[in-house]
Amino acid sequence: MRISFTARLALLAITLALLSSLASVFLIWTGIHNDAIAALRRDTVEQAQGLVAVYRHGGFPALSQAIDEARDPDDDTLILAVIDARGRLVMGVGPQVTTVQPIVKTPFAIAVPGSKPPWAHREAGFAIHRVGRYWLMTGRLLDDWEQEQRTIARVVGLSILLAIATGIVAGLLVTRFVGRRLTRIARVVERVGDGDFSRRVEIVADGRDAFDRLAQRLNAMLDRIELLVGELRAVTDSLAHDLRSPLARLRARAEAASLAEDPAQRDAALAGLLPETDSMMRTLTTLLEISRSAAMGRDRFVTIAPATLIAELAELYAPAIEEANMAFAVDIGEGVPPMPLHRELMSQALANLIDNALRHAAAGGALALRLARSPDGVRLTVADRGPGIEPADREEAVRRFGRLDRARSSPGAGLGLSLVEAVARLHGGRLALDDNHPGLAASIVLPPP
Amino acid sequence: MTRKILVVEDDAATAAYLAKGLGEAGYRVETCDNGRDGLFLASEGVFDLIVADRMLPGLDGLAMLGAIRAAGIAAPALILSALGTVDDRIDGLRAGADDYLCKPFSFGELSARVEALMRRAERPAGDGKPTRLTVGDLEIDLLARTVTRQGRPITLGAREYSILEYLARHAGQVVTRTMMLEKIWNYHFDPGSNVVDVHIGRLRRKLEDGFDSPILHTVRGAGYRLSPPA
């Protein structure tokens, strides 16, 4: 039969508590143990056997004589008594009435022999043997050292009992504590598994113990899962919603082409299909890129100087920017070391920002690429002198497919900034839209290397 | 001799479209619809080029390509895929494909890439590196990195020179914008603007201004071609 983990944990705790107590008990025991008690036992047994033999040979008279001879007037600890079945003293020295009960043959025992001084309050080692109708009780009161040894032995015995008890209690407590904390975590995991992604594990000790650390990790993971699931939902929603209109346009054009009588008209309608499909393809690829980058690991990063990345991109775009009659400046600040980047995605994100500026801010007449170290990290900025984005509209501008009303008339599916934001997040950074006084300064802010 | 192309594509419509288009371009085309058959056919070693879908039933396109390469078949391969993100393209190229094209694609793009791969495979190895390229009246000295047309020197910027060199190495062939972005700038994404066209426009002005005949031609719907006037 398999026992539950909790039970095993409790058993383990109990066993460990017991083992540690037993070990200390054992050490104490061996430390104090000497053979004083053992010697007393030997003497008592020998003396008892000697007197019993005397009784067998000579009966009570011989025994009485032997007891008298063995008595030592200076030694008031000696017990040499013949007692009756109820413990009353018949002959010799010993308690008037012994408190030892029942009176049976005893090779050796330790107990308080009587109820009156000097026999009370002190234990004696003694033996009891039958002699005729009576009993012979021989032995001696324990001296101080022997008495201490007895006390210690008793304490040791007690402490074993106590150890067992504390072991059990500690085991149960540990199990209960661990079990409760684990159950709390398990319950959250269960709920999340059932689809409630908003559940989080409560932090009870300010994150100082291992359970809290586990809970924090778990919560961080759940945050990420919730984000990804939310994004996935957003992607499918926007797909369904926003691909419908270009598809409808496509369908209308195809229909017009198939119905056109005049070959020239048909060719014109057919030619219109290609840019429409191309733009849809671009939208799809970008969308895929965004959701992919949100879930991507960092294993595709290469260490590259941001300055190099910007210079390469500037080289590609310089002619197009000049062609758009914009003054083009590249301003690469000092002190930005090479860092791990996804070269393609980072380039594409910056390219999107440049494309946006070309599309919406060409009238401003200037475009600048900047690389700078700022207190909050490394900024890769595309700045223009165009109309900019109102602070109130900036969040909307980043939202997927969120094209500002003003820009609805120009082509592009409006995914540009969301891709930039996704790429920034992939690098642990963010997208910042700032006022360029006038114009827009869009920056990818990366954490400092 | 007619060159043979193996098309491994499980979508019947795409396969037929490819077979028809490549057939019209003068190639002999054989198609099959799964990776195992593709591997079997390719192992015969009679094909000059393999065009394969990435996601195939039976044996995945990249795995098939790996097996073909392991069998010692060196025919160039072009992978077609519906997976169009930057990383998918780079993965495909790393897996041993010579080129990678995303679906849906324009036929112009495909045929330009097919021709480029054919040309590359035919170029005899061990011929030594050429030191000059000549296209009609245009001459490029690859060692001195100088360009002359009709004997008159033309001054080019570093990037203009590398674009011209790439075009000249594919003289007579169509070179698409994405091919140039991939090979010259090493970017695998699609910039929204006409960045490549502007570069080409500048190069063209330097090559053609003051001369009576065009040499850098625009191929509508596909790309550019460097070739002497007909």
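1. A:H437 is exposed, with 9 other C-beta atoms within 10 Å; exposed stands for 12 or fewer such atoms, buried for 20 or more, and partly exposed for the range in between, with C-beta atoms placed from the backbone. A:H437 lies in the loop between β11 and β12 of chain A. Its phi is positive, about 50°, although A:H437 is not a glycine.

2. This is a predicted model, in which local features need pLDDT of at least 70 and side-chain atom pairs count only at pLDDT 80 or more, while totals for chains, interfaces and linings use all residues. Residues are numbered from 1 along each chain as its sequence is written, and chains are lettered from A and ligands numbered from 1 in the order in which they are written.

3. The peptide bond that leads from A:H437 into A:P438 is cis, with omega near -10°. A:P438 sits in the loop between β11 (430–435) and β12 (440–446) of chain A.

4. A:N325 is placed in the loop between α7 (306–323) and β7 (327–332) of chain A. A:N325 is exposed, having 10 other C-beta atoms within 10 Å.

5. Chain A has ten helices and twelve strands, taken as DSSP runs numbered from the N terminus (helices H or I, at least four residues; strands E, at least two). Of its 449 residues, 28% are buried. Among contacts with a separation of 6 or more, 60% join residues 24 or more positions apart; a contact needs C-beta atoms, placed from the backbone, within 7 Å.

6. Strands β1 (residues 78–83) and β2 (residues 89–93) of chain A run antiparallel and are joined by four bridges; pairing requires at least two DSSP bridges. A:L80 has A:V93 in β2(A) as its bridge partner. The hairpin has five residues between the strands, and in it A:G87 takes a positive phi near 95°.

7. α7(A) packs against α8 (residues 343–360) of chain A at about 30°, with the axes 10 Å apart. Axes are lines fitted to C-alpha atoms, for helices over the stretch in contact, with angles from 0 to 180 degrees between N-to-C directions.

8. On the α7(A) side the contact residues include A:L309, A:L313 and A:Y317, and on the α8(A) side they include A:R343, A:M346 and A:S347.

Key: Contact = placed C-beta atoms within 7 Å.
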